[in-house]
Amino acid sequence: MQLQGFSQRLASGTQTEALRGAACRAQSRVLPSRPRAGASVEAPGHNIREDAHNRADMPGSDAFNARYVPFKSLQSGNGVSEQYSLDEVLYRAQDGGLLDVQHDMEALAKFDAAHWKKLFDSRIGTTAWPYGSGVWSKKEWVLPELSSDDIVSMFEGNSNLFWAERFGRQLGMSDLWVKQCGNSHTGSFKDLGMTVLVSQVNRLRKIKPEAVQAVGCASTGDTSAALSAYCAAAGIPSIVFLPADKISLAQLVQPIANGALVLSIDTDFDGCMKLIQEVTAASPIYLANSMNSLRLEGQKTAAIEILQQFNWQVPDWVIIPGGNLGNIYAFYKGFKMCMDLGLTDRLPRLVCAQAQNANPLYLAYQAGFDNFHPVKAKTTFASAIQIGDPVSIDRAVLALRETNGIVEEASEEELMDAAARADLTGMFNCPHTGVALSALTKLRERGVIAPSDRTVVVSTAHGLKFAQSKVAYHSKEIEGIVGKYANPPVQVKESVGDVMDAIRNKFSSM
Ligand SMILES: Cc1ncc(COP(=O)(O)O)c(C=O)c1O
Ligand SMILES: N[C@@H](CCOP(=O)(O)O)C(=O)O
């Protein structure tokens with residue numbers, strides 16, 4: 001079992017760790033002591049939280065508010081039938097449907113677009129608590145009523161959006177961009193949602209200590225990493241349900257290191273998701289998956305950030321890999337909010353990219369979204385999206401309908417090739433980004449995306465989390481995959497002649 005293999009590895013590393021421990025202890029004698037996690041950072045004459053209060057640059061938090069409403073009421077446009085305070089512990093509406101966080105748009109609209117742009121721009125690069133975070137720099141649009149003192153943040157967000165000039169040229173494109181959401185604290189976009197959810201939990205534990213004693217999630221590896229890190233930062237117990245042997249080693253070690261209770265369960269992600277819903281319904285364990293609409297409030301800021309990075313110009317296309325399908329809706333929500341508040345004048349077209357081995361949304365799209373049928377997801381290198389029964393299916397369909405969106409799929413060979421091909425232009429893509437890059441390639445080849453269309457590919461995780469599959473690809477060890485872009489290392493003897501031969505073989509002109 002993966003976990004057993006892992007503990008053996010941990011055991012064999014013990015001696016080295018002991019030596020490192022001694023070195024750290026020696027170092028700690030000379031370094032100044034650090035503040036406790038969760039405590040305010042106090043140096044003589046400086047308190048970052050007080051500082052934040054003093055620098056408050058908006059009307060009091062009571063000027064804006066948000067609440068839970070049934071997601072269905074947004075779809076139907078018939079008005080809101082139920083509403084709940086965000087201080088309630090609940091994840092579904094009375095009829096069992098999903099919830100959504102609805103903001104008081106009238107209150108927000110009292111400030112014009114120029115005001116919001118200026119405010120958000122003024123917070124870029126600041127260390128003022130909590131606005132140095134890309135999520136909390138949009139606090140009024142995220143959780144306006146939460147006290148800054150309750151926020152648990154590692155200044156996530158503000159991720160790089162770069163011009164993929166060389167890869168774009170290879171596809172005949174002049175305006176291709178990659179949003180690096182995986183360049184984040186725990187190596188995926190999940191940090192954006194988790195800072196919001198864990199911050200609200202931090203508040204709930206103060207006002208309702210009995211109701212929230214721990215936080216739990218089902219995960220394919222990234223949600224669990226983010227949950228355990230943010231909980232550890234706040235001193236909140238976390239529990240993660242992982243499908244046994246279905247996540248990468250790098251992902252597995254994250255919640256272990258952050259002190260979560262890690263349950264390796266003999267099922268797939270969909271099985272874990274069912275279990276966590278039952279467990280959280282019957283215990284004071286708070287649900288941290290994106291079924292909980294608080295998560296999406298953080299994730300939507302990546303869309304707002306893209307617009308801000310383009311000086312509020314709307315791209316033509318945004319391509320997002322999809323699994324449990326919360327993120328595609330979060331992006332839609334961010335883009336829609338900017339349009340509704342007059343910061344932009346249109347929505348981009350969204351593309352959801354799925355692995356062919358876990359493609360329920362693609363199949364539903366092919367059938368005109370008339371019927372949705374869950375599938376049994378098969379093994380895929382894009383293991384974080386190996387999901388057959390996505391919780392946010394209705395949210396994804398709305399996002400795609402409203403943006404004239406498209407769903408595309410990628411086979412195992414296509415996704416690994418697309419990631420490797422783009423890596424050769426300087427990226428280091430995870431397989432999920434490979435799915436999105438493959439979708440891009442296909443849409444470009446079919447002429448759906450035009451040469452000059454401004455297109456953003458959302459990279460959702462750091463490639464280093466998936467080193468195992470990338471090594472296998474470059475070693476040409478994957479059955480059924482040729483490895484068109486493989487670049488295996490060359491074994492050479494310790495001899496100048498052999499080294500020079502290897503160089504000449506590669507660069508024949510030298
Ligand atoms: C790396 C990565 N990419 C994409 C996704 C898909 O996001 P969503 O589940 O919100 O569709 C996930 C998680 O599911 C993920 O971990
Ligand atoms: N890829 C996810 C799957 C769960 O998604 P969530 O956004 O609903 O928590 C993971 O990393 O666990």
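Select strand 6 (residues 176-180) together with strand 14, and you will find two strands that run parallel and are joined by 5 bridges; strands here are DSSP runs of E with at least two residues, helices are runs of H or I with at least four, and both are numbered from the N terminus. Two strands count as paired if DSSP finds at least two bridges between them. Within this pair, Val-178 has Val-457 of strand 14 as its bridge partner.

What you have open is a predicted model, in which local features need pLDDT of at least 70 and side-chain atom pairs count only at pLDDT 80 or more, while totals for chains, interfaces and linings use all residues. Residues are numbered from 1 along each chain as its sequence is written, chains are lettered from A and ligands numbered from 1 in the order in which they are written, and side-chain values use heavy atoms, with hydrogens and water left out.

Strand 14 is mostly covered, with 5 of its 5 residues buried, where buried means under 20% relative accessible area, exposed means over 50% and partly exposed lies in between (1.4 Å probe, protein chains only). If you show its side chains, Thr-455, Val-457 and Ser-459 point one way and Val-456 and Val-458 the other way, and all are buried.

Next, move to the open sheet of 4 strands, which has the order 9-8-7-10 and parallel pairing. Its edge strands are strand 9 (261-265) and strand 10 (285-287), each of which pairs on one side only, and neighbouring strands are turned by 25° against each other on average, direction ignored.

Inside this sheet, select strand 8 (residues 238-243), which pairs with strand 9 in the parallel sense over 5 bridges, Leu-242 having Ser-264 in strand 9 as its bridge partner. Strand 7 also pairs with strand 8 in the parallel sense, over 4 bridges, and Val-215 stands opposite Ser-238 in strand 8. Ser-238, Val-240 and Leu-242 point one way from strand 8, whereas Ile-239, Phe-241 and Pro-243 point the other way, and all are buried.

Axes are lines fitted to C-alpha atoms, for helices over the stretch in contact, and angles run from 0 to 180 degrees between N-to-C directions.

For a helix pair, select helix 18 (residues 412-423) and helix 20 (residues 467-474), whose axes come within 11 Å and cross at roughly 85°. The two helices are therefore roughly perpendicular to each other, a label that covers angles of 65 to 115 degrees. Met-416, Asp-417, Ala-420 and Asp-423 in helix 18 meet Ser-469, Lys-470 and Tyr-473 in helix 20, contact meaning heavy atoms within 4.5 Å.

Finally, select the largest nonpolar core, where, of 108 residues, Trp-141, Tyr-286 and Leu-361 touch the most other members; such a core is a set of buried Ala, Val, Leu, Ile, Met, Phe, Trp, Tyr and Cys residues joined through side-chain atoms within 4.5 Å. Helix 15 (residues 326-340) supplies the largest share of this core, 8 residues. Apart from it lies another core, of 33 residues, including Ala-164, Leu-171, Met-427 and Ile-449.

Notes:
Parallel < 35°, antiparallel > 145°, perpendicular 65-115°, else oblique.
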